Amino acid sequence: MIETHSHGDTLVVRIHEKRLDASISPALKVELWDLVAQHANRPLILDLGEAEFMDSSGLGVMISLLKLLGAEGDLKLTGVQGAVAQTFKLTRMDRVFPMYPDVDAALA
């Protein structure tokens, strides 16, 4: 479901799912929360480049992760496109989450 690697002190998480919906959201949330617990206080980049669809439960995972990181947390999204980008725009969450075209742009 996810793959992780580090770039300096930043943890990059690539989500290998085409659909971020209710069928995978609970498991994804657990995996991401475990990563945050293991890598406390590290900047986090979520690469959503493979995602073609996201419903409200997928968006809820992103919001819960942002809340878990708190005000001091650093979370960036990359690869947001198509229907996933539309979900962020329709809910105005594109104003909440910093988004970059790719991981290199987010790291710069």
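**Close-up views of a predicted model**

View 1. R92 is exposed, its relative accessible area being 52%, where anything over 50% counts as exposed. The residue sits in the loop that links helix 3 (82-90) to strand 7 (99-100). R92 is not a glycine, yet its phi is positive, at about 65 degrees. Most residues other than glycine have a negative phi.

**View 2. Packing of helix 1 against helix 2.** The axes of helix 1 (residues 25-38) and helix 2 (residues 56-69) are 10 Å apart and meet at an angle of about 20 degrees. Angles under 35 degrees count as roughly parallel, and helix 1 and helix 2 are therefore roughly parallel to each other. Their crossing is right-handed. Helix 1 contributes S25, L28, K29, L32, W33 and V36 to the contact, and helix 2 contributes S57, G58, V61, S64, L65, L68 and L69. Of these contact residues, eight are nonpolar, four are polar and one is charged.

**View 3. Pairing of strand 2 with strand 4.** Four bridges join strand 2 (residues 10-15) to strand 4 (residues 44-47) in the parallel sense. V12 has I45 of strand 4 as its bridge partner.

Key:
Residues numbered from 1 in each chain as written. Predicted model: local features only at pLDDT ≥ 70, side-chain atom pairs only at ≥ 80, totals over all residues. Heavy atoms only, no water. Axes fitted to C-alpha atoms, helices over the stretch in contact; angles between N-to-C directions. Helix = DSSP H or I, 4+ residues; strand = E, 2+ residues; numbered from the N terminus. Parallel < 35°, antiparallel > 145°, perpendicular 65-115°, else oblique. Left-handed = near helix turned anticlockwise from the far one by under 90°. Contact = heavy atoms within 4.5 Å. Nonpolar A, V, L, I, M, F, W, Y, C, P; charged D, E, K, R; others polar. Buried < 20%, exposed > 50% of the residue type's maximum accessible area, 1.4 Å probe, protein only. Pairing = 2+ DSSP bridges.
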